[in-house]
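These are my notebook entries on one structure. I list what I looked up, in the order in which I looked.

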Amino acid sequence: MLTVDQLIDLELRIQEEIDHLQKDMDASAEEREAVSPDKSIGRLSRLDAMQMQEVAKDAQRRREERLQLLEAARDRMDEGEYGNCEVCHDAIPWPRLEAQPEATRCGKCAG
Ligand SMILES: [Zn+2]
């Protein structure tokens with residue numbers, strides 16, 4: 001069972017990471033517009049730009065996935081369901097939540 005202090009600690013960290021991710025995603029959206037492919041640049045630099053775009057897209061997708069997990073964790077906190085394993089319904093141990101606040105399974109069920 002988590003203490004109130006532990007819950008507040010995790011909630012702050014989750015909120016902080018959500019804010020951080022959203023800021024990164026806004027910045028990345030501006031970057032992607034900056035290398036739009038219809039700009040008249042040479043063939044090689046166009047390839048470079050496209051590669052960079054792929055990398056940026058990949059990073060963006062990972063950020064979106066992480067954002068979803070964190071938002072889901074925040075929702076579970078609001079509903080008072082946070083910290084229980086979705087499989088066996090046991091409490092997820094604190095060290096695991098501390099390392100991974102968005103965890104939805106205990107160590108046994110995640111493995
Ligand atoms: Zn479990």
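Predicted model: local features only at pLDDT ≥ 70, side-chain atom pairs only at ≥ 80, totals over all residues.

Entry 1, histidine 89. I started with histidine 89, which counts as exposed at 59% relative accessibility. My classes are buried for under 20% relative accessible area, exposed for over 50%, and partly exposed in between, with a 1.4 Å probe and protein chains only. Histidine 89 lies in the loop between H2 and H3. I looked up its backbone as well: histidine 89 is not a glycine, yet its phi is positive, about 65 degrees.

Residues are numbered from 1 along each chain as its sequence is written, and side-chain values use heavy atoms, with hydrogens and water left out. Helices (H or I, at least four residues) and strands (E, at least two) are DSSP runs, numbered from the N terminus.

I searched the whole structure and found six salt bridges. The term stands for a side-chain nitrogen of Lys or Arg within 4 Å of a carboxyl oxygen of Asp or Glu.

I took glutamate 54 and lysine 57, whose closest N and O atoms are 3.3 Å apart in a salt bridge. About one helical turn separates glutamate 54 and lysine 57, because they are three residues apart in helix H2. Glutamate 54 is partly exposed at 47% relative accessibility, and lysine 57 is partly exposed at 45%.

Next I looked up arginine 66 and glutamate 102, whose side chains form a salt bridge at 2.6 Å, N to O. This pair links distant parts of the chain, 36 residues apart: arginine 66 is in helix H2, and glutamate 102 is in the loop between helix H3 (94-99) and helix H4 (107-110). Which of the classes does glutamate 102 fall in? Glutamate 102 is buried, with a relative accessible area of 8%, whereas arginine 66 is partly exposed at 25%.

The side chains of arginine 105 and glutamate 86 also meet in a salt bridge, at 2.8 Å, N to O. Arginine 105 is in the loop between H3 and H4 and glutamate 86 in the loop between H2 and H3, so this pair ties together parts that are 19 residues apart in sequence. Both ends are partly exposed: arginine 105 has a relative accessible area of 35%, and glutamate 86 is at 44%.

I turned to arginine 63, which lies in helix H2. I did find a polar contact of 3.4 Å between the side chains of arginine 63 and serine 28. Such a contact is a pair of N or O atoms within 3.5 Å; within protein, one must be able to donate a hydrogen and the other to accept it, and residues adjacent in sequence count only if both atoms are side-chain atoms.

Helix H1 (4-34) and helix H2 (43-78) each supply at least two lining residues. I sorted the lining into eight nonpolar, three polar and three charged residues. Here Ala, Val, Leu, Ile, Met, Phe, Trp, Tyr, Cys and Pro count as nonpolar, Asp, Glu, Lys and Arg as charged, and the others, Gly among them, as polar.

Glutamate 64 is in helix H2 and is partly exposed, at 38% relative accessible area. I noted 8.2 Å, C-alpha to C-alpha, between glutamate 64 and leucine 21, which are 43 residues apart in sequence.
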